[in-house]
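Please look over the sequence and the model shown here before reading on. The briefing is meant for someone meeting this structure for the first time.

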Amino acid sequence: MKGSRSARAILIWVALALAIGVPIALAATSEQLAWRGPVYILASFAGIIALGLVLVQPLLIGGYLPGLSAYRGRRAHHWIGGSLLVAIVIHVAGLWITSPPDMIDALTYSSPTPFSPFGVTAMWAIFAVALLAPLRRRLGLRPRTWRYVHMPLAIVIVAGSVVHCLLIEGTMETISKAALCALVLAATVKVMIDLQVWRKRRTLRGESIARQ
């Protein structure tokens with residue numbers, strides 16, 4: 001029994017590493033990199049890594065990654081969130097350096113490219129979470145209230161990031177990109193369903209105890 005659990009845990013971690021690593025590795029072989037400067041390449045890969053981190057976040061909060069206790073999972077969720085913020089800053093800063101007019105158009109929602117508004121909206125949602133998370137206690141946000149604030153922002157981050165990525169015809173290989181986006185959506189939907197079911201069970205249990 002213990003051996004099968006260990007093997008399952010290893011498979012989960014290997015699958016996660018492949019889900020993130022394969023798109024990055026294939027993007028590194030893209031012919032488009034030959035026409036790009038180092039700053040643009042850094043910005044592009046920061047964006048790919050950011051999408052991979054978006055996949056990790058629901059897996060952590062849902063407790064789907066073996067070997068991590070609930071406490072460690074929450075702590076890792078916070079640290080990964082910080083890493084996601086850094087990756088986004090590098091992504092945006094690099095694109096700003098390489099093409100300030102394009103970034104101004106994107107940030108002001110006047111860019112003709114269809115993928116820009118989705119990426120910018122996801123970016124603002126990430127910034128909002130990064131700003132509110134350390135201020136939760138000072139603002140007096142209870143855990144339940146924080147979930148009501150955080151969940152819609154998380155949905156915006158996931159949806160905006162996925163659509164942004166799928167609409168870009170860039171360095172990422174098409175199939176691996178679609179697979180990573182599908183995994184991000186699947187992980188997010190699963191954790192939302194599981195957490196909602198868990199809360200309903202807890203509510204029903206509380207009502208049953210109250211009646212007794």
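The notes below go from the whole chain to single residues.

This is a predicted model, in which local features need pLDDT of at least 70 and side-chain atom pairs count only at pLDDT 80 or more, while totals for chains, interfaces and linings use all residues. Residues are numbered from 1 along each chain as its sequence is written, and side-chain values use heavy atoms, with hydrogens and water left out. The protein chain holds 8 helices and 0 strands, where helices (H or I, at least four residues) and strands (E, at least two) are DSSP runs numbered from the N terminus.

**The chain as a whole**

- Followed along the sequence, the elements of the protein chain give the pattern α-α-α-α-α-α-α-α, and the C-alpha trace spans about 70 × 45 × 25 Å along its principal axes.
- Of the 212 residues in the protein chain, 31% are buried; buried means under 20% relative accessible area, exposed means over 50%, and partly exposed lies in between, with a 1.4 Å probe and protein chains only.
- Among the contacts in the protein chain with a separation of 6 or more, 70% are made by residues 24 or more positions apart, a contact being heavy atoms within 4.5 Å.
- The accessible surface of the protein chain is about 13300 Å², and carbon and sulfur atoms account for 68% of that surface; the areas come from the Shrake-Rupley method with a 1.4 Å probe, and for residues only the protein chains shown count as cover.
- The protein chain carries 21 positive and 7 negative side chains, with 25 Å between the centres of the two sets; Lys and Arg count as positive and Asp and Glu as negative, without His and the chain ends, and each charge is placed at NZ of Lys, CZ of Arg, CG of Asp or CD of Glu.

**Aromatic rings**

- A pair of aromatic rings is described by the distance of the centres and the angle of the planes.
- Rings of Phe, Tyr and Trp (its six-membered ring) pair if their centres lie within 6.5 Å, and planes under 30 degrees apart count as stacked, over 60 as edge-to-face and the rest as tilted.
- The count under this rule is 1 aromatic pair, and W124 and F127 form an edge-to-face pair with 5.7 Å from centre to centre and 75° between the planes.
- W124 and F127 are separated by about one helical turn, because they stand 3 residues apart in helix α5 (residues 116-132).
- W124 is partly exposed because its relative accessibility is 43%, and F127 is likewise partly exposed, at 26%.
- R36 lies over the face of Y40, 4.2 Å from the ring centre, under a rule that asks for NZ of Lys or CZ of Arg within 6 Å of the ring centre and within 35 degrees of the ring normal.

- G21 is in helix α1 (residues 2-28) and is partly exposed, with a relative accessible area of 30%; G21 and I49 are 28 residues apart in sequence, and their C-alpha atoms are 9.0 Å apart in space.
- G81 belongs to helix α3 (residues 70-98) and counts as partly exposed at 25% relative accessibility, while the C-alpha atoms of G81 and I175, 94 residues apart along the chain, are separated by 26 Å.
- T98 is also in helix α3 and is partly exposed at 38% relative accessibility; when residues up to four places away in sequence are not counted, T98 touches V39 and Y40.
- T98 and L132 are 34 residues apart in sequence, with 31 Å from C-alpha to C-alpha.

- Y109 lies in the loop between α4 (100-107) and α5, has a positive phi near 60° although Y109 is a residue other than glycine, and is partly exposed with a relative accessible area of 44%.
- I126, found in helix α5, is buried because its relative accessible area is 6%.
- Leaving aside neighbours within four places in sequence, I126 is in contact with L84, L85, I88 and I157, whereas the C-alpha atoms of I126 and S30, 96 residues apart along the chain, are separated by 28 Å.
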